[in-house]
Amino acid sequence: MKPIAVAARLVLAASVVMVAQPMKAGAAGVYENASAEPAFLLAPRRATLRGDMDFSRNEPTEASVYRAGATFPLRGAMMVGVEQTLVSVSNDNEIKSGIGDLYIRGSARVWKTTGRAVSLLGFLGTGTTKQEYFPYSSKTLDLSASVAYTDTLETVSLYATAGRTWVARQDQERPVDERNTDYWRGSAGVVWDMSGPVAAFGGALYEYSTDHTTRLIMYAGAGVLATDELMVRANVQFELGNEAQRVTDIGGSVGVTVRL
């Protein structure tokens with residue numbers, strides 16, 4: 001119980017910092033933590049509990065997104081993850097705070113040799129609430145499928161993914177749904193295990209949608225293994241490219257993972 005108690009205190013402390021220093025985020029697009037998918041892909045195949053707080057800066061909205069989830073290994077070669085979001089918003093656009101989307105992630109290895117593997121990777125995002133902030137719009141259904149390649153070289157792990165996301169929104173007229181179109185996605189990055197309690201990671205996510213908009217998100221961060229069961233993580237991300245197409249200029253995340 002001690003690691004869980006420590007994790008709860010860390011999440012509470014991060015929340016206090018976030019309230020004291022609110023960040024801004026644009027409500028016209030979809031916020032995405034670029035490190036979430038590779039973190040799930042490269043996670044140790046054991047049951048875990050996760051808590052994260054995401055934030056981003058862009059006009060005109062001040063907000064933070066809280067994520068709570070768990071992962072479960074299945075038959076050694078498969079993993080399933082469940083994640084629920086909570087959105088905290090303060091702005092003048094009548095966008096309310098509340099429960100966001102439910103995400104279900106999955107991965108399955110289809111080929112593996114020493115240090116290398118090819119996997120199928122995907123997620124389903126759904127919500128039936130009336131939240132209209134980031135991807136947490138009313139009656140959503142997002143489906144994503146990718147092929148992922150990983151290569152581990154002693155203390156360095158490399159990954160690359162390529163796939164497609166299909167997006168469904170009930171209300172296409174509101175500005176918040178402007179960028180909610182199907183898109184191709186690809187990502188690549190590296191995780192460096194420093195042969196100790198500290199690991200560093202970084203990478204990029206590229207998206208090209210059917211309405212010909214593009215997104216390029218770069219991210220970097222680190223994790224510290226506080227105990228054998230508890231890891232504390234933090235990362236920052238920057239969105240590059242055409243300013244009119246960017247959802248956020250800069251964002252970040254802090255979180256904890258408890259390994260069961």
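I217 stands opposite E239 in strand β12; strands here are DSSP E runs of at least two residues, helices are H or I runs of at least four, and both are numbered from the N terminus. This is a predicted model, where local features need pLDDT of at least 70, side-chain atom pairs count only at pLDDT 80 or more, and totals for chains, interfaces and linings use all residues. Residues are numbered from 1 along each chain as its sequence is written, and side-chain values use heavy atoms, with hydrogens and water left out.

Let's look at β11 and its two partners. Strands count as paired if DSSP finds at least two bridges between them.

| Strand pair | Sense | Bridges |
|---|---|---|
| β10 (residues 198–209) and β11 (residues 214–225) | antiparallel | eleven bridges |
| β11 and β12 (residues 230–240) | antiparallel | ten bridges |

Y206 has L216 in β11 as its bridge partner. The β10 and β11 hairpin has four residues between the strands, and H212 there takes a positive phi near 70 degrees. Another hairpin takes β11 on to β12, again through four residues.

Zooming out, the protein has two helices and 13 strands. Of its 260 residues, 45% are buried, meaning under 20% relative accessible area with a 1.4 Å probe and protein chains only; exposed is over 50%, and partly exposed lies in between. Y149 sits in strand β7, and it counts as partly exposed because its relative accessibility is 33%.

As for contacts (heavy atoms within 4.5 Å), 56% of those with a separation of 6 or more come from residues 24 or more positions apart.
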